[in-house]
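This report describes the strand pairing, the helix packing and the nonpolar cores of the structure shown below.

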Amino acid sequence: QINRSATPVEMPPTAVNAAAPTEGPDSLGALANLARIVSGRPTATDVASMIWAHIRHIVPQASCAFFVHEPARDSVAVRFVAGEASTVLQGVEIKVGDRLTGWVAENQQPIVNSEAQLDLGPEAAFLGLRFCLSLPLVSEGQLAGVLSLYAKDAFTAEQAQTLENVLPHLAVMFLAIGKRGDSAAVPTS
């Protein structure tokens, strides 16, 4: 059951653990992402990585997947994953209109606390993921992608509202990256 909230070269996929250390290679990667963002030439992975650094404080027990809209294939494809479910989320591509994430892409409406299994299939139960919060990345009616979060516990109304208020501003960056043609060259991180 879906619950709506009322209120080109591809690089090999990699994953980010939600509990990444603050020093070492991961922090150097974050520094490189920040440098590209400041220079004005960020990739979708750079932006998603920086966003995840903040989102994980809002939803600390969640796994996330940033899906980028692929109009030529009428789908959304994972370009960044993080959290315990990273291995299940890597490489996922969903047709617009299919499953939870595809429904969000098609209708440009959020879904809050729907069954994660509707998006991830039996792997959700294997990982103990019960809930999905899926939010469209839309700017001026144009779909840039979808952010889907998966967790064992239900998302709070406050968490959903906080993310719903911030994501439209971030969609602008993803659309700009897509117009440059960088989205197809973005690795999953």
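Strand 5 and strand 6 run antiparallel and are joined by nine bridges. Strands (E, at least two residues) and helices (H or I, at least four) are DSSP runs, numbered from the N terminus. The model is predicted: local features need pLDDT of at least 70, side-chain atom pairs count only at pLDDT 80 or more, and totals for chains, interfaces and linings use all residues. Residues are numbered from 1 along each chain as its sequence is written, and side-chain values use heavy atoms, with hydrogens and water left out.

Within this pairing, V138 has L143 of strand 6 as its bridge partner. The hairpin of the two strands has two residues between them, and E140 takes a positive phi near 50 degrees there. Strand 4 also runs antiparallel to strand 5 (residues 131-139), through four bridges; here S114 is partnered by C132.

These pairings belong to an open sheet of six strands in the order 3-2-1-6-5-4, with antiparallel pairing; two strands pair if DSSP finds at least two bridges between them. Strand 3 (93-95) and strand 4 (111-115) are the edge strands, each pairing on one side only. Neighbouring strands of the sheet are turned by 25 degrees against each other on average, direction ignored. Helix 4 packs on this sheet, touching strands 1 to 6, and its direction makes about 150 degrees with that of strand 6. Contact means heavy atoms within 4.5 Å; axes are lines fitted to C-alpha atoms, for helices over the stretch in contact, and angles run from 0 to 180 degrees between N-to-C directions.

Strand 5 is largely enclosed by the rest of the structure, because nine of its nine residues are buried. Buried means under 20% relative accessible area, exposed over 50%, and partly exposed in between (1.4 Å probe, protein chains only).

| Residue | Relative accessibility |
|---|---|
| C64 | 1% |
| C132 | 0% |

The structure holds zero disulfides, a disulfide being a pair of cysteine sulfur atoms within 2.5 Å.

The largest nonpolar core has 26 residues, and those with the most contacts inside it are I55, C64, F66, L133, L149 and F155. Such a core is a set of buried Ala, Val, Leu, Ile, Met, Phe, Trp, Tyr and Cys residues joined through side-chain atoms within 4.5 Å. A second, separate core of 24 residues includes V78, W103, A116 and Y150.
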